[in-house]
Amino acid sequence: MNSSTPPTTAASDPDRTLKVPILLWRKLVLDLRARGMGRRESGAFILGDRVKGVDRARAYVPYDVLDPHAFESGIIRFASSGYSKLWQLCRESKHRVVADVHTHPTEWVDQSDSDQAHPMIPEAGHLAIILPRFAHTRWWTLDGVGLHHYHGNRRWSRAADRTRARLILL
C-alpha cells in the first residue's frame, strides 16, 4: 500500500480478537461456496469496526464484486482497481477491513507461497482466514479453518488451536 491508502485494519496487534456474528459467518461461508461453484477459489474482505480493542465484523464484500474477473483463472487474482472500490466502500460505510477470507480446494488451510508473498492487506496485524474444500465446511464451527496473522515484511504466523478463540463466532 502507498501512503495515500487509508488505514483499513487494526493497529499492528497480531493477536487481536475478531468477533463475527454467526449469521454473518453463515452467509459468508455459503456465499463463498456458491461463488466457487465447487471448482475454484473464492474470497471476500470482512468489514467492521473496532469497539474497546475488539474488531467486530459487520459486513463482507466478495472479491468478485470489487473485481469481476477475480475468480476467472481458478485462483484469486485481485486487480488493483478493486482496491479503489474497496476504499470507497469503506469510506461510505465508515467500516474498515478487519480480515480477509478465501477458500482452498482441499483440507489444507496453510498459506500457499502466493498467499504469503501477496497479502490482500499488507499491514502488520491483518488477519487472513482460509476455508477448506471451496467452503464446503460447517459454518457453525471454526474447526478446520486456517487463521493467519500478518506481521509485515512478508512474515506470517498461523494461529495455533489454543488461540483460535481470537476469532469468535457470536
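This is a predicted model: local features need pLDDT of at least 70, side-chain atom pairs count only at pLDDT 80 or more; totals for chains, interfaces and linings use all residues.
View 1. Setting aside neighbours within four places in sequence, the contacts of Ile46 include Leu28, Ala57, Ala59 and Tyr60, together with Arg96, Val97, Val98, Ala99, Asp100 and Val101. Ile129 is also among the contacts of Ile46, although the two residues are 83 residues apart in sequence, and their C-alpha atoms are 10.0 Å apart in space.

**View 2. The largest pocket and its lining.** The largest pocket has a volume of about 500 Å³, and 23 residues line it, with Ile76, Ser114, Asp115, His118 and Met120 lying nearest its centre. The elements that give two or more residues to this lining are β4 (96-103) and α4 (113-117), and α4 gives the most, with 3 residues. By residue class, the lining of the largest pocket divides into 12 nonpolar, 6 polar and 5 charged residues.

View 3. Strand β6 (residues 146-152) is largely enclosed by the rest of the structure, because 6 of its 7 residues are buried. Strand β5 (residues 127-131) runs antiparallel to β6 and is joined to it by 4 bridges, with Ala128 standing opposite His148 of β6. Strand β7 (residues 155-158) is likewise antiparallel to β6, and 4 bridges join these two strands; Gly152 has Arg155 in β7 as its bridge partner. In the hairpin of β6 and β7, 2 residues lie between the strands, and Asn153 takes a positive phi near 55°.

How values were computed. Residues are numbered from 1 along each chain as its sequence is written. Side-chain values use heavy atoms; hydrogens and water are left out. Contact means heavy atoms within 4.5 Å. On a 1 Å grid over the protein atoms alone, a cavity is a set of points where a 1.4 Å probe fits but cannot get out, and a pocket is an open set with protein on both sides within 12 Å along at least five of seven lines; lining residues have an atom within 4 Å of a point. Grid points are joined across faces, edges and corners, and a volume is the space filled by probe spheres set on the points. Ala, Val, Leu, Ile, Met, Phe, Trp, Tyr, Cys and Pro count as nonpolar, Asp, Glu, Lys and Arg as charged, and the others, Gly among them, as polar. Buried means under 20% relative accessible area, exposed over 50%, partly exposed in between (1.4 Å probe, protein chains only). Two strands pair if DSSP finds at least two bridges between them.
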